[in-house]
Amino acid sequence: MQKTEIEWSDKTWNPVSGCTKISEGCKFCYAEEIAERFRGQKGFPNGFDLTIREHKLKEPLLLKKTSVIFVNSMSDCFHEGISDDYLDKMFDVMRKADWHVFQVLTKRPNRMREYFASRSVPKNVWLGVSVENQRHVDRIDVLREIKASCRFLSCEPLLSSLEMNLEGIHWVIVGGESGRTPRPIKVEWVEDIQRQCEIAGVDFFFKQWGGRNKKEAGRLLNGREWNAVPNIKDFIAEYRA
């Protein structure tokens, strides 16, 4: 497991790596860039080709310090190439490692809904969907159908304004695209999402403006940082009660 620079997680856990692109937010995938850069080397012998990494499965059980763990930062848990049997193994580990919080994010909510139609979501697992533009707000409706202790949205890279129904959503993360060829983000898009979250009583986290130099662009919106996250300590206490 790796310590991560993702502002809202402590660790990343990748029992799968590699993926295929399915929507506009995938165009300049950071995970693909990293995996292809190291193709043929120990960490990514298959580059960004979908790869089951069963030797990674038990890592969370070996980490005794309570952590917030982002699952499959280098893939998508609900990729069609990952079998239900292997998903069962992954979620069994998450269920057993109940001192951690696991964040599972997907662009394939229909597969996620199908999987959980006959299974329960562990209480220490947060489920999220990516919503990069208005075309994909329907992913929120699918997420809302799944019974989970925490449902969240990742609007990153944010590629358009969004009008959303936030009923049943606990947390929204917004960020601009970074890298060599970032697509632009508009201040008014972010401000409007923040207002929607405030009205709906949903935690709002602004990750970054992005750009070619994301550190220089920073992450201030209207002169302040927006770092709201669901209360993890309360969640953990509830899970372990």
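Pro157 lies in the loop between β8 and β9. This is a predicted model, and in it the peptide bond from Glu156 to Pro157 is cis, with omega near -5 degrees. Most peptide bonds are trans.

Strand β8 (residues 151-155) is joined to β9 by four bridges, and the two run parallel. One point of contact can be named: Leu153 has Val172 as its bridge partner in β9. Strand β9 is also joined to strand β10 (residues 203-208), here by five bridges and again in parallel. Val172 stands opposite Phe204 in β10. To get from β9 to β10, the chain passes through helix α6 (residues 187-200), and this β-α-β crossover is right-handed.

Is β9 enclosed or open to the outside? Buried here means under 20% relative accessible area. Five of the five residues of β9 (residues 171-175) are buried, so the strand is largely enclosed by the rest of the structure. Trp171, Ile173 and Gly175 point one way from β9, while Val172 and Val174 point the other way, and all are buried.

Trp171 leads on to the aromatic rings. The structure has 14 aromatic pairs. In one of them, the rings of Trp8 and Trp171 have centres 5.8 Å apart and planes at 90 degrees, so this pair is edge-to-face. The pair links distant parts of the chain, since Trp8 is in the loop between β1 (2-3) and β2 (11-13) and Trp171 is in strand β9, 163 residues apart. Trp8 is buried, with a relative accessible area of 7%; for Trp171, also buried, the value is 0%.

Most residues other than glycine have a negative phi. Asn72, however, has a positive phi, near 55 degrees, and so does Asn222, also near 55 degrees. Where are they in the chain? Asn72 is in the loop between β5 (68-71) and α3 (84-96), whereas Asn222 is in the loop between α7 (214-217) and α8 (232-240). Their surroundings can be described by accessible area. Asn72 is buried, with a relative accessible area of 2%, but Asn222 is exposed, at 57%.

Definitions and conventions: Residues numbered from 1 in each chain as written. Predicted model: local features only at pLDDT ≥ 70, side-chain atom pairs only at ≥ 80, totals over all residues. Heavy atoms only, no water. Buried < 20%, exposed > 50% of the residue type's maximum accessible area, 1.4 Å probe, protein only. Pairing = 2+ DSSP bridges. Right-handed = clockwise from strand over helix to strand, strands pointing away. Phe/Tyr/Trp six-rings, centres within 6.5 Å; stacked < 30°, edge-to-face > 60°.
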